[in-house]
Amino acid sequence: MEVAYELRNKTDYILASSAEILSPGFTSVYPSALLSLLDTSRDPEEGLRAFGEAYMAHVRSLADDSRSATLSLVATRELGPLAESLRRLLAGRLRGPLRPLDALQHFDRPGSYGEVPAVPRYFDLEEWAANLGADSTNLTVFEEQLKRAVRWSECTERFLPSTNGFSIEHHSGLTTYAEWPELPGLNERYRTTAWYRATVPQNLP
């Protein structure tokens, strides 16, 4: 989410993955699907979605760890309203989080990258927002705007299951960093992002 928001004034659409993209990436579908991206007579959103669907169809034809992918198509014009809806949701929060962070859907593989401490950092944006303890009206507005921002998304059932992977039970198409007390340096850097400044009210504890 944070990267998409930084790029909102640079491009109309972003085709991106919530999790890692496994090697060899899109190489296998370029011969059959690249034209979807190059055909200027085609609506860009339609072409990007067609390319994404071709990639996901290819991944679903594979087995074991190779059958691992997440992909989503984001309309950047909707990210400003999305930030505003999250700001209202955070400002109107009624109570604390409903579940601990490590119970939420994440899209990284803690401990696989040599990081310390080995805690998940990137969470499904929709599930994270629903866990904030906000009032239902603001949450509904946020969820509806998120659907306008994420024009299409797909994922496999699992991601790298034999390599410290995870099951995918919730995939809204965008992820967010969530602060841990154990990560003070990363938290400090996160608070300098445009997404954080746009969404977190100054008086929020």
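**Note on the predicted model: sheet, two helices and some loop residues**

1. Asp 64 is exposed, because its relative accessible area is 66% (exposed means over 50% relative accessible area, buried under 20% and partly exposed in between, with a 1.4 Å probe and protein chains only). Asp 64 sits in the loop between helix 4 and strand 2. Its phi is near 60°, a positive value in a residue other than glycine. Most residues other than glycine have a negative phi, and most peptide bonds are trans.

2. Some ground rules. This is a predicted model, in which local features need pLDDT of at least 70 and side-chain atom pairs count only at pLDDT 80 or more, while totals for chains, interfaces and linings use all residues. Residues are numbered from 1 along each chain as its sequence is written, and side-chain values use heavy atoms, with hydrogens and water left out. Helices (H or I, at least four residues) and strands (E, at least two) are DSSP runs, numbered from the N terminus.

3. Three strands make an open, antiparallel sheet in the order 1-2-4 (two strands pair if DSSP finds at least two bridges between them). Strand 1 (13-16) and strand 4 are the edge strands, each pairing on one side only. On average, neighbouring strands of this sheet are turned by 5° against each other, direction ignored. Axes here are lines fitted to C-alpha atoms, for helices over the stretch in contact, and angles run from 0 to 180 degrees between N-to-C directions.

4. Pairing within the sheet. Strand 1 and strand 2 run antiparallel and are joined by four bridges; Leu 15 has Leu 73 in strand 2 as its bridge partner. Strand 2 and strand 4, also antiparallel, are joined by five bridges. In strand 4, Glu 154 stands opposite Leu 71, and Ser 153 stands opposite Ser 72.

5. Strand 2. Six of the six residues of strand 2 are buried, so this strand is largely enclosed by the rest of the structure. Thr 70, Ser 72 and Val 74 point one way, Leu 71, Leu 73 and Ala 75 the other way, and all are buried. In a regular strand the side chains alternate between the two faces of the sheet.

6. Helix 7. This helix (residues 136-149) has 14 residues and reaches 20 Å from its first C-alpha to its last, close to the 20 Å expected at 1.5 Å a residue (the expected span is 1.5 Å times one less than the number of residues). Its buried residues are Asn 138, Leu 139, Phe 142, Gln 145, Leu 146 and Ala 149. They cover an arc of only 130° around the axis, which puts them on the same side of helix 7; the arc is that of the directions from the helix axis to the C-beta atoms. The face turned away from the buried side carries the exposed residues Ser 136, Thr 137 and Lys 147.

7. At the N-terminal end, Asp 135 caps the helix, with a side-chain oxygen 3.2 Å from the backbone nitrogen of Thr 137.

8. Helix 4. Helix 4 (residues 44-60) has 17 residues and reaches 24 Å from its first C-alpha to its last, close to the 24 Å expected at 1.5 Å a residue. Among its buried residues are Phe 51, Tyr 55 and Met 56. The buried residues of helix 4 pack against strand 1, helix 2 (30-33), helix 3 (35-38), strand 2 and strand 4. At the start of the helix, a side-chain oxygen of Asp 43 reaches to within 3.1 Å of the backbone nitrogen of Glu 45.

9. Ser 68 and Leu 160. Ser 68 lies in the loop between helix 4 and strand 2 and is buried, with a relative accessible area of 2%. A polar atom of its side chain lies 2.8 Å from the backbone nitrogen of Leu 160. Leu 160, in the loop between strand 5 (158-159) and strand 6 (166-167), is buried, with a relative accessible area of 9%. Phi of Leu 160 is near 45°, a positive value in a residue other than glycine.

10. Cis peptide bonds. One joins Ser 23 and Pro 24, with omega about 10°; Pro 24 lies in the loop between strand 1 and helix 2. The peptide bond from Val 116 to Pro 117 is also cis, with omega near -5°, and Pro 117 is found in the loop between helix 5 and strand 3 (122-124).

Notes
Polar contact = N/O pair within 3.5 Å; in protein donor to acceptor, adjacent residues only side chain to side chain. Contact = heavy atoms within 4.5 Å.
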